[in-house]
Amino acid sequence: RPDHIPRFSKALLAATLTGLIAAMANLIYNFIFRSIKRYVPDEEFNFFSITLASVLILIITGLMFFLFLKYLSIKAFIITLIIVMIACVCITAFLHANPNESAFYGNHGLIAGFILISGLLALTALPYLYNHPKLFI
């Protein structure tokens with residue numbers, strides 16, 4: 001890895017690129033989910049909100065990735081386990097939503113898919129892009 005590239009910048013750029021990939025994947029999933037389930041579009045889940053949430057969540061994940069690597073000296077495997085646990089908790093929470101919470105009930109399949117796609121990309125693409133020797137040079 002070249003020494004002239006700050007690790008923070010690499011983490012931020014890798015997270016942003018991963019977030020853009022996640023946004024595109026989530027938008028495709030949104031289209032497929034709505035066409036299969038004949039789900040009527042909600043105001044909460046539109047193009048802008050899906051794109052913004054995907055990129056923002058992956059940037060926060062990238063910053064956590066950087067902080068874990070720098071200050072806690074945690075190996076990538078343990079970071080992977082932490083991300084898997086957070087994703088499992090989020091998916092479980094949305095799949096077992098209370099029917100009285102109208103914002104989440106009925107959307108649980110859609111939200112769980114967003115979490116699963118973003119989590120898988122955070123596990124695979126973020127470390128790959130961060131450790132790639134010729135990217136961001």
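A: Start with helix H1, where Lys10, Ala11, Ala14, Ala15, Thr18, Gly19, Ala22, Ala23, Asn26, Asn30, Phe33 and Arg34 are buried. Buried means under 20% relative accessible area, exposed means over 50%, and partly exposed lies in between; the probe is 1.4 Å and protein chains only are counted. Helices (H or I, at least four residues) and strands (E, at least two) are DSSP runs, numbered from the N terminus.

This is a predicted model: local features need pLDDT of at least 70, side-chain atom pairs count only at pLDDT 80 or more, and totals for chains, interfaces and linings use all residues. Residues are numbered from 1 along each chain as its sequence is written, and side-chain values use heavy atoms, with hydrogens and water left out.

First, the setting. The protein has four helices and zero strands. Along the sequence, the pattern is α-α-α-α. Of its 137 residues, 34% count as buried.

Now the helix itself. H1 has 31 residues. From first C-alpha to last, H1 reaches 43 Å, close to the 45 Å expected at 1.5 Å a residue. That expected span is 1.5 Å times one less than the number of residues. Just after H1, Arg38 takes a positive phi of about 55°.

Go back to Lys10, which lies in H1. Lys10 has 2% relative accessibility, so it counts as buried. Its side chain reaches the backbone oxygen of Tyr130 at 3.4 Å. That is a polar contact: a pair of N or O atoms within 3.5 Å, where within protein one must be able to donate a hydrogen and the other to accept it, and residues adjacent in sequence count only if both atoms are side-chain atoms.

Next come the rings. A pair of aromatic rings is described by the distance of the centres and the angle of the planes. Rings of Phe, Tyr and Trp (its six-membered ring) pair if their centres lie within 6.5 Å; planes under 30 degrees apart count as stacked, over 60 as edge-to-face and the rest as tilted. Across the whole structure, a search finds four aromatic pairs. In one of them, Phe8 and Phe66 have ring centres 5.3 Å apart and planes at 75°, so the pair is edge-to-face. Phe8 sits in H1 (residues 7–37) and Phe66 in helix H2 (residues 47–71), so the pair ties together parts 58 residues apart in sequence. Phe8 counts as partly exposed because its relative accessibility is 39%. Phe66, at 9%, counts as buried.

Tyr29 and Phe33 form another aromatic pair, this one tilted: 5.8 Å centre to centre, with 40° between the planes. They are four residues apart in H1, so about one helical turn separates them. Tyr29 is partly exposed at 22% relative accessibility, and Phe33 is buried at 13%. Together with Phe114, Tyr29 and Phe33 form one aromatic cluster.

Finally, look at the surface. Ile28, Phe31, Ile32 and Ile36 form a nonpolar patch there, with about 460 Å² of accessible area together. Ile32 is found in H1 and counts as partly exposed at 41% relative accessibility. Patches are made of residues with over 30% relative accessible area and no salt bridge: like charges are joined within 9 Å, nonpolar side chains (Val, Leu, Ile, Met, Phe, Trp, Tyr) within 5 Å. A salt bridge is a side-chain nitrogen of Lys or Arg within 4 Å of a carboxyl oxygen of Asp or Glu. Accessible areas come from the Shrake-Rupley method with a 1.4 Å probe; for residues, only the protein chains shown count as cover.
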